[in-house]
Amino acid sequence: MSSNSHDTSTPGKRHKQESPANHYYSYILSILLTILAFAVVIYGGLDRSFILVFIVSLAIVQALVQLLFWMHAKERGHLFPLMFIGGGAIIALTGVAAAVYWTWW
Amino acid sequence: MAHSHTVKRYSGLMDWLTTVDHKKIGILYLLAGGFFFLVGGVEAILIRLQLLYPDQSLFVGDTFNQLTTMHGTTMIFFAAMPLIFGFMNAVVPLQIGARDVAFPFVNALGFWLFFAGGVLMNTSWFLGGAPDAGWTGYAPLSTIADNAGNFHGTDFYVLGLQIAGIGTLIGGINFLVTIINMRAPGMTYMRMPMFTWTAFITSAMIVLAFPAITVALVELMFDRIFGGAFFDAARGGNNVLWEHLFWIFGHPEVYILILPGFGIISEVVATFSKKRLFGYSSMVFASVLIGFLGFMVWIHHMFTTGMGPVANSIFAIATMAIAVPTGVKIFNWLFTLWGGQIRFTTANLFATAFIPTFVMGGTTGVMLAVPAADFQYHDTYFVVAHFHYVIVGGIVLSLFAGLFYWWPKMFGTMLSEKLGKWQFWFFFIGFHMTFFPQHFLGLMGMPRRVFTYLPGQGLEEGNFISTIGAGLMGIGTIILLINIIATSTKKVTAPADPWDARTLEWTIPSPAPEYNFKQTPLVRGLDALWKEKMEGKKEMTPAEPLGSIHMPSPSILPLVMSVGLFIAGFGFMYRHYLISGIGIGITLICMFLRSVYDDHGWHIEPEELKDKGVKA
Amino acid sequence: MSSHPTGALPAHPETATLEGKNKVMGFWLFLGAEVVLFGCLFATYIALRNHVTDGPTAEEIFKLKTVGWSTFILLTSSLTSVLAIIAMHKHKLGQLLFWLLITVLFGLSFLGLEIFEFNEYVKEGHKFVSSAFGTSFYTLVGFHGAHVAFGVTWITLLILQGLRKGLTVVTAPKFYVASLYWHFVDLVWVFIFTVVYLMGKVGH
């Protein structure tokens with residue numbers, strides 16, 4: 001794999017110039033998802049459990065958008081980062097499961 | 001090539017206080033961990049002395065609770081974890097052909113933070129009493145706090161463990177990045193030695209498990225010090241929550257403890273059977289599976305809290321499932337030994353003794369995994385017997401094996417095999433004498449954490465034998481100390497490869513030179529050194545030309561940062577928040593200095609490399 | 001031996017050196033740990049959020065309008081930190097530092113708004129010591145706020161460092177890692193406004 005000595009730049013490598021367009025789309029999408037979540041809660045009318053599942057799903061989608069686009073996690077070389085964020089999320093979920101199902105008074 | 005800045009080199013004590021060299025940090029971890037092992041050992045002897053006969057009053061009541069709490073906490077967090085980090089530091093960079101870890105400064109910081117936490121917790125003995133709520137610190141016992149300063153011990157537990165835990169977390173991140181980014185050319189993941197693999201998985205577990213105890217300790221601290229209501233039932237708090245948070249950390253923690261031990265056994269058994277490890281791929285897969293499943297079983301510590309049969313069953317099955325990859329490993333070690341040219345050096349004595357002992361501990365674990373049965377075993381000496389079999393019979397035996405195996409590489413001398421064998425037999429026989437009877441004491445109803453027992457209940461013989469056994473373990477430990485002292489005075493130098501071994505750390509001189517590898521080696525297969533040996537070569541082929549070697553600069557900042565948090569800890573414990581502010585301020589200023597003043601390091605030039613036989 | 005940067009910066013200066021690669025990878029792993037940390041704080045909050053004893057409930061006390069503004073501010077600051085990194089990849093130091101400054105200003109506004117919000121809650125009887133709900137609310141949202149405060153301080157110091165040292169293969173990883181941190185902090189906020197405030201308003 002990589003050598004141990006300092007590995008200076010490879011000026012010959014061409015990188016696709018990243019356009020800010022994708023990032024602006026992500027921003028607008030995030031705003032829309034946020035407004036949608038707020039609206040569903042403020043204007044109510046729907047079944048309570050449905051609202052809960054819906055807003056949490058919206059949050060997960062928004063989080064993924066920010067993770068993959070703004071944090072560049074969908075680009076090359078991000079396997080370990082994604083494994084650890086994903087692994088952390090799984091453990092966080094087990095913690096939440098413990099709080100919801102296996103805690104009582 | 002002229003240096004454009006002055007090279008800061010220290011000697012003597014300052015060298016050790018400012019070092020960022022993983023080899024020295026490894027030795028610091030072994031020294032500190034060894035010291036706390038002795039402290040925990042003394043606590044154990046005192047416990048066993050009190051339990052030698054029924055109705056004794058040597059150490060009773062709260063004193064006894066302090067002894068059991070500190071024995072457990074010290075042994076797990078300040079002895080076993082640091083000793084493991086000691087070997088990881090000493091060995092992993094060498095096994096992957098690297099010159100240091102990814103973050104040498106952070107490596108030093110991790111050590112000093114652990115040390116600060118360990119010292120802080122142990123000052124409690126002199127400051128009104130040690131923590132006494134068990135190493136598991138269950139609420140609401142652990143939330144008892146008052147303004148008069150009684151029940152103060154648990155504050156030391158909270159802050160000491162928190163500070164040490166931060167050190168462990170950053171250490172875990174360090175080893176992960178090192179192994180991901182800094183392997184020598186040709187060393188793919190499936191060509192890494194097993195000790196490096198287990199270090200890798202352990203580090204991943206540390207990164208994902210330690211935040212849970214961080215949160216648990218923060219919540220306990222907020223309840224105790226700031227009047228929070230996390231665990232105060234009267235204000236809506238919940239104590240089962242503490243158990244969940246603690247064990248979501250605590251169960252992976254015990255796999256964090258044992259996996260490196262498994263790694264050491266794999267190295268030692270293969271080397272001293274003169275055979276490659278049987279079933280390498282399945283070993284890797286099994287270790288990864290153990291790491292993952294370790295996070296899915298924590299409720300087996302809570303079977304009796306009343307969660308009901310569904311929850312209990314799910315976790316019972318998950319717990320039993322872990323026995324499967326563990327069994328794969330056991331068989332692989334046995335198949336490695338089978339048909340090999342076995343040499344029973346002290347290291348291999350400890351390694352082969354580990355195998356049946358750990359299996360015994362593992363099988364009682366499967367017994368405990370049955371919830372209905374666990375209602376009988378829970379909180380009895382049966383559990384105590386189980387975990388000592390896996391921790392002492394598991395991790396401690398493998399740490400002793402590792403010590404004898406890697407001592408020449410770390411110090412350039414050899415520990416006495418004769419004294420080693422005496423140590424082994426005293427410790428091994430003493431161990432079984434101490435803990436085997438405890439299974440039966442538990443089955444006969446003796447509860448845990450009790451400071452005495454009545455006569456005429458059938459508990460006398462077991463306790464008596466158990467205490468004698470503890471004495472034998474103590475003698476074994478003393479023999480080890482004598483061995484270490486004798487070796488330091490004798491100066492018998494060790495060759496680069498005293499065991500005719502298989503992995504990269506044995507290709508460089510003993511002790512390892514400051515820069516590890518003159519030239520980064522080219523790895524052509526699993527058991528990189530053995531592959532070269534089998535082709536008649538004496539050395540590794542280098543992967544780069546000789547050049548000047550960049551070394552990181554030493555720094556006093558890690559020590560100062562740890563002292564800052566130590567001071568902050570005292571501020572919080574004694575409710576003097578100005579002191580806390582000052583302590584945290586010191587730490588933050590050091591972080592600022594580290595960020596602003598870039599470390600350019602220094603260089604070792606090819607002319608300075610003392611060894612002969614340099615390849616161009 | 002590693003040469004000093006010759007002149008032309010590489011396209012991704014933050015991972016051009018081994019040191020940079022290590023820093024970026026190490027920081028991602030740290031973020032993995034932070035996911036578990038906040039996950040446990042969320043788990044605690046979810047368990048305790050309805051245990052209010054005599055104090056006000058979430059439904060009664062939360063001010064969604066303030067939270068809406070905070071969310072918008074933080075989300076926009078996350079965008080500006082992305083723009084900063086795009087400028088960095090174009091090697092435009094001035095633009096990089098400008099967008100980072102905007103990020104800091106938005107971050108400070110977020111904090112100001114949060115302090116105002118907490119102040120109102122305390123006046124209305126929702127305190128840290130009131131109940132398990134109170135303790136877990138202030139701990140979770142407070143930890144997030146502390147992360148914002150740390151980030152604001154960190155990025156400010158980096159702006160000053162950037163002015164002094166410029167954009168090099170040594171400073172680039174620092175900017176990149178701080179930007180990852182800032183995104184993460186916004187990511188956590190997405191879950192806070194959903195699980196704490198919106199779920200709170202949906203009721204018991």
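The following questions and answers concern a predicted model.

Me: Which elements make up chain A, and in what order do they run from the N terminus?
Reply: Chain A contains three helices and zero strands. From the N terminus on, the order of its elements is α-α-α.

Me: What distance separates the centres of domain 1 and domain 2 of chain A?
Reply: The domain assignment of chain A places domain 1 at 21-74 and domain 2 at 77-105. Taken over C-alpha atoms, the centres of these domains of chain A are separated by 20 Å.

Me: What percentage of the residues of chain A count as buried?
Reply: Among contacts in chain A with a separation of 6 or more, 50% join residues 24 or more positions apart. Chain A has 105 residues, and the share that counts as buried is 30%.

Me: Which element gives the largest share of the side of chain A that touches chain C?
Reply: The contact between these chains involves 47 residues of chain A and 45 residues of chain C. On the chain A side, the elements giving two or more residues are α1 (21-43), α2 (48-70) and α3 (79-101). By type, the residues of that side divide into 28 nonpolar, 16 polar and three charged. The largest share, 14 residues, comes from α3(A).

Me: Why does the end-to-end distance of helix α7 of chain B agree with its number of residues?
Reply: Helix α7 of chain B covers residues 239-271, which is 33 residues.

Me: On which residue is the kink in α7(B) centred?
Reply: α7(B) is mostly covered, with 31 of its 33 residues buried. The helix α7(B) has a kink of about 30 degrees, centred on B:Trp247.

Me: Is B:Ile290 buried or exposed?
Reply: B:Ile290 lies in helix α8 (residues 280-293) of chain B. Not counting residues up to four places away in sequence, B:Ile290 touches B:Tyr255, B:Leu259, B:Ile322, B:Pro325 and B:Thr326. A residue needs 20 or more other C-beta atoms within 10 Å to count as buried. Because B:Ile290 has 23 C-beta neighbours inside 10 Å, it is buried.

Me: How many contacts beyond near neighbours in sequence does the stretch 612-616 of chain B have in the model?
Reply: Chain B averages a pLDDT of 95, and 97% of its residues score at least 70. Over residues 612-616 of chain B the pLDDT is below 50. Beyond near neighbours in sequence, the number of contacts of this stretch in the model is seven.

How values were computed: Residues numbered from 1 in each chain as written. Chains lettered and ligands numbered in written order. Predicted model: local features only at pLDDT ≥ 70, side-chain atom pairs only at ≥ 80, totals over all residues. Domains from an automatic or database assignment. Helix = DSSP H or I, 4+ residues; strand = E, 2+ residues; numbered from the N terminus. Expected span 1.5 Å × (residues − 1). Bend = angle between axes of the 7 residues up to and from the residue. Buried ≥ 20, exposed ≤ 12 C-beta atoms within 10 Å, placed from the backbone. Contact = placed C-beta atoms within 7 Å. Nonpolar A, V, L, I, M, F, W, Y, C, P; charged D, E, K, R; others polar. pLDDT = per-residue confidence, 0-100.
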